[in-house]
Amino acid sequence: MNLRWAALLVLPIVAAPALQAVAPRANRLEIGGIPYQFHPLKLVLSTPTAQLKGNRMLRLSGRLVPAVGEAIALDLMASETGFLYLLTLTRPRGQGQDVWAATMKTKVEVLELQARAGGSLRLQLSGPLAATLRPGGSFTQWSGELWARFDGISE
């Protein structure tokens, strides 16, 4: 009997470090095999509309920062079900810029959604991206998780 109570008291202490590890892992992303750390700038959630069939729209912007090199600006708009409406990744380069965009196979999966001001969003991203890094364009892959807190909920 005492052993059961001891296990119940120790279990929360053992489980606590695992919860703290979610946020750092969740903001790592790879584009073309290069790792980036995501720094969210703004996250807003709209209220449901008839045009979106009762779904809310997420708007996330931030910066993807590599260990070495220039940061990439991210702008993403998706429904709360993960349907992707807009994705652009841009990085200044000399006289122009590098640009990546979503393809029909680019995936956004909503892993966590706490729909309130101060609540959080966690997304799983994967699939191909279309890139204008070279004349004629090319394709690359991305994968990872992004995490951010909501700045607000629009009415």
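Which residue in β8 does W100 stand opposite?

Guide: W100 stands opposite A131 in β8. Before going on, a word on the model. It is predicted, so to speak of a local feature takes a pLDDT of at least 70, side-chain atom pairs count only at pLDDT 80 or more, and totals for chains, interfaces and linings use all residues. Residues are numbered from 1 along each chain as its sequence is written, and side-chain values use heavy atoms, with hydrogens and water left out.

Now the overall layout. The protein chain has two helices and ten strands. These are DSSP runs numbered from the N terminus: helices are H or I with at least four residues, strands are E with at least two. The order from the N terminus is α-α-β-β-β-β-β-β-β-β-β-β.

Next, the neighbours of β8. Two strands pair if DSSP finds at least two bridges between them. Strand β6 (residues 96-102) pairs with β8 in the antiparallel sense, over three bridges. β7 and β8 also run antiparallel, joined by six bridges. One of the facing pairs there is E112 with R122 in β8. The hairpin of β7 and β8 has six residues between the strands. Within that hairpin, G118 takes a positive phi near 90 degrees. β9 pairs with β8 too, antiparallel, over twelve bridges. R122 has its bridge partner W147 in β9.

How enclosed is β8? Nine of its twelve residues are buried, so β8 is largely enclosed by the rest of the structure. Buried means under 20% relative accessible area, exposed means over 50%, and partly exposed lies in between (1.4 Å probe, protein chains only). In the protein chain as a whole, 33% of the 155 residues count as buried.

Stay with R122 for a moment. Its side chain meets that of E112 in a salt bridge, at 3.7 Å from N to O. R122 lies in strand β8 and E112 in strand β7 (residues 107-113), so the pair ties together parts that are ten residues apart in sequence. Salt bridges with shared partners join E112, R122 and E145 into one network. The term means a side-chain nitrogen of Lys or Arg within 4 Å of a carboxyl oxygen of Asp or Glu. Side chains of opposite charge can pair when their charged atoms come close. E112 itself is partly exposed, at a relative accessible area of 24%.

The structure holds five salt bridges. One of them links R56 and E80, with the closest N and O atoms 2.5 Å apart. R56 is in the loop between β2 and β3 and E80 in the loop between β4 and β5, so this pair ties together parts 24 residues apart in sequence. R56 is partly exposed at 22%, while E80 is buried at 17%. Another joins D98 and R91, with the closest N and O atoms 3.0 Å apart. D98 counts as buried at 9% relative accessibility. R91 is buried, with a relative accessible area of 9%.

Now look inside. A nonpolar core is a set of buried Ala, Val, Leu, Ile, Met, Phe, Trp, Tyr and Cys residues joined through side-chain atoms within 4.5 Å. The largest one here has 27 residues, and I31, L64, L74, L76, L89 and W142 touch the most other members. Two or more residues each come from β1 (28-31), β2 (34-45), β3 (57-66), β4 (72-79), β5 (84-93), β8 (120-131) and β9 (138-149). β8 gives the most, with five residues. Nonpolar side chains tend to be buried together in soluble globular proteins.

Contact means heavy atoms within 4.5 Å. Leaving aside neighbours within four places in sequence, I31 is in contact with residues including W100, L129 and W142. L76 sits in strand β4 and is buried at 0% relative accessible area.
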